[in-house]
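Trainee: New model on screen. Walk me through it, please.

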Amino acid sequence: MSEKIYPVPEDWKNARVDEATYRALYERSMKDPDGFWAEQAQRIEWISPFTTVKRSSFDTHNVSIKWFEDGTTNVAMNCIDRHLPERANQTAIIWEGDDPSVSKHITYGELHDHVCRFANVLKKHGVKKGDRVTIYLPMIPEAAYAMLACARIGAIHSVVFGGFSPEALAGRIEDAQSDVIVTADEGLRGGRRVALKANVDAALEKVEAKSVIVVTRTGAEIDWVPGRDFRYEEEAASVHADCPYAEMGAEDPLFILYTSGSTGKPKGVLHTTGGYLVYTSLTHELVFDYRPGEVYWCTADVGWVTGHSYILYGPLANGATTLMFEGVPNYPSVSRFWDVIDKHGVNIFYTAPTAIRALMAAGEEPVKKSSRKSLRLLGSVGEPINPEAWEWYHRVVGEDRCPIVDTWWQTETGGILIAPLPGATALKPGSATRPLFGVFPEIVDSAGDVLEGACEGNLVIADSWPGQVRTVFGDQERFVQTYFSTYSGKYFTGDGARRDADGYYWITGRVDDVINVSGHRLGTAEIESALVAHEKVSEAAVVGYPHDLKGQGIYAYVTLMEGAHPTEHLRKELVKWVREEIGPIATPDVIQFAPGLPKTRSGKIMRRILRKIAEGEFGSLGDTSTLAEPGVVEELVRGRPAT
Ligand code: ATP
Ligand code: MG
């Protein structure tokens, strides 16, 4: 792994948290967690104050997680009403449409009106406190209105990413037992229309719902079921303009969100009200060093937890201006991200390694056409970022000026747990660096023994933090089984990690992805990083497969840069390259050139499927409903070399 260190730049030394503050606050969060969190919780407004801070147990027989339990508040009130005296005319949301000529600004005052109307429409359709509402929308402001409307009246939203199929949608509607679906006639991404309402119709052939509320996005002609389907615009015109917010208990559910399904059947992760809001608001402000008036852009879809916590709830709780983008990075050209940054004067930009690698493959020229002078900070989330992609992001996009916060977290964690604080933490490309306040990571070996100092093993978290998942919706047993039974008394992340001598954490990928070659444990992320460091490689995915002599062999899928050709010569060169970069133990046994890799719709490589193909088990690929492009799989099966 990269040994390079990027110290905190001079002009960042006045950031909110410097090194001394980080150490002092971390220490305090460890010695007096209740005092620390009671103080931090004052950043949001409570209707009735809490008297207990934390009550949690990770004991396998009695898992229970509660924060600020007897306090009451409302998330929508905190994200909107609270800001109105000061910020009614400030932009809350900048919406950038798929078509680069279309965008709009929504002020906090306007947001209030939209959310109230949306809430009243939901009420009109019988939605009450605790009811589940499925939101299947494109990246349009109505997605934010609908989510906040649920929060306002105490309904639980379940946002399903607009790219999911009718099957995947039906499964989630059924699991959440939701009577009301909010959708749009169509979505628009990269100039292409997405038939959202038609997908809902297909899903509702399998499961039932009482009302479908349809937002008009393209005005396309769609099928209509009278008595079940309603036009949002007509409904909104028929309801009252104001809607009081409901008083919610801190532990009342806020939303259910299904994990991306990289490792199996998605889990309905349940988050609650008070702790989640405190945690997302705190981490948004500190990790991104957000300052009033700045424009902040997270490119995730609201269908993922990143969109929930860091497009919507964290930024709005902080009174920020948050940008919401309907489109894709390569439409109408691969300069789109950089054009949007210039157009709206974006100061903080938060995206995923998969996007960075794709844009890196298109070269520097499309980036350099833009100015990006407004940029101050860059962020990454979703997968380990290969040092190569990190360096490119830093040098080309950030012009060596912007720190990169590599943020490690999960749907289950609600917010960022391990990440640099840009004014405090020297950066190492590829490392998520250090834990945030109140987060106590440990590395354990397979027996569950805690390892000290520099080490590598399984990443667990020793104690609860306010943003933590409370249960798997409707399945407490699966919750306990998945997260608390592997290492008794600890939250198991499912990820592997290495800790270096400076106490920095390096996420090595999912524990399932570790390969055991002749008794040596190798993290797939490291081999992938080595491959991507080669100038002709744009992306790589490495899995293990049964090998007669070594136990497991190394099977690498490699996608090439634009203009590079898959030849036998290049294959040999790559094998030699990895040997030199890591060592002979990491020599790939098989390299398959792949035009594309199977990814979840959030852009993560699905190694589970790649493993099956490498093993030659084409018949049992498992749940592929969360794949972005199922066609890629067939191509890989066809192109598999003999092993
Ligand atoms: P499922 O749990 O259904 O298999 P998933 O784990 O991909 O899906 P998410 O909750 O969206 O669903 O992703 C969290 C995972 O993403 C983490 O456990 C980790 O493996 C990876 N991840 C996220 N951010 C980072 C990061 N900065 N560095 C390394 N890995 C990351
Ligand atoms: Mg996961």
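**Cysteines**

Trainee: How far is the sulfur of cysteine 402 from the closest cysteine sulfur?
Mentor: It is 17 Å away, too far for a bond, and the partner is cysteine 298.

Trainee: What's the disulfide count, then?
Mentor: It is 0, where a disulfide is a pair of cysteine sulfur atoms within 2.5 Å.

Trainee: What ground rules apply here?
Mentor: This is a predicted model: local features need pLDDT of at least 70, side-chain atom pairs count only at pLDDT 80 or more, and totals for chains, interfaces and linings use all residues. Residues are numbered from 1 along each chain as its sequence is written, chains are lettered from A and ligands numbered from 1 in the order written, and side-chain values use heavy atoms, without hydrogens and water.

Trainee: Is cysteine 402 buried or exposed?
Mentor: Cysteine 402 is buried, at 0% relative accessibility. Buried means under 20% relative accessible area, exposed over 50%, partly exposed in between, with a 1.4 Å probe and protein chains only. Cysteine 455 is buried as well, at 13%.

Trainee: Switching to the core. Which residues touch the most other members of the largest one?
Mentor: Phe68, Leu111, Leu122, Phe288 and Tyr313, out of 139 residues. Helix H6 (residues 141–153) gives the most to this core, with 10 residues. A nonpolar core here is a set of buried Ala, Val, Leu, Ile, Met, Phe, Trp, Tyr and Cys residues joined through side-chain atoms within 4.5 Å. Helices (H or I, at least four residues) and strands (E, at least two) are DSSP runs, numbered from the N terminus.

Trainee: What is phenylalanine 288 in contact with?
Mentor: Leaving aside neighbours within four places in sequence, its contacts include Tyr296, Tyr310, Ile348, Arg376 and Val405. Contact means heavy atoms within 4.5 Å.

Trainee: On to H18. How many residues does it have?
Mentor: H18 has 14, residues 568–581. From first C-alpha to last it reaches 20 Å, close to the 20 Å expected. The expected span is 1.5 Å times one less than the number of residues.

Trainee: Which H18 residues are buried?
Mentor: Leu570, Leu574 and Val578. Down the axis of H18, its buried residues fall within an arc of 75 degrees, so they line one face. That arc is taken over the directions from the helix axis to the C-beta atoms. An α-helix has 3.6 residues a turn, so residues three or four places apart point the same way.

Trainee: What covers the buried residues of H18?
Mentor: Helix H17 (524–532) and strands S29 (537–547), S30 (551–560) and S31 (590–593) are included. On the other side of H18, His569, Lys572, Lys576 and Glu580 are exposed. Just after H18, glycine 583 takes a positive phi of about 135 degrees.

Trainee: What does the UniProt annotation say for residues 526–604?
Mentor: The unreviewed entry gives "domain: AMP-binding enzyme C-terminal". UniProt positions follow the numbering used here, feature names are shortened, and annotations may be inferred rather than shown by experiment. That stretch is 27% helix and 32% strand, with its end C-alpha atoms 16 Å apart.
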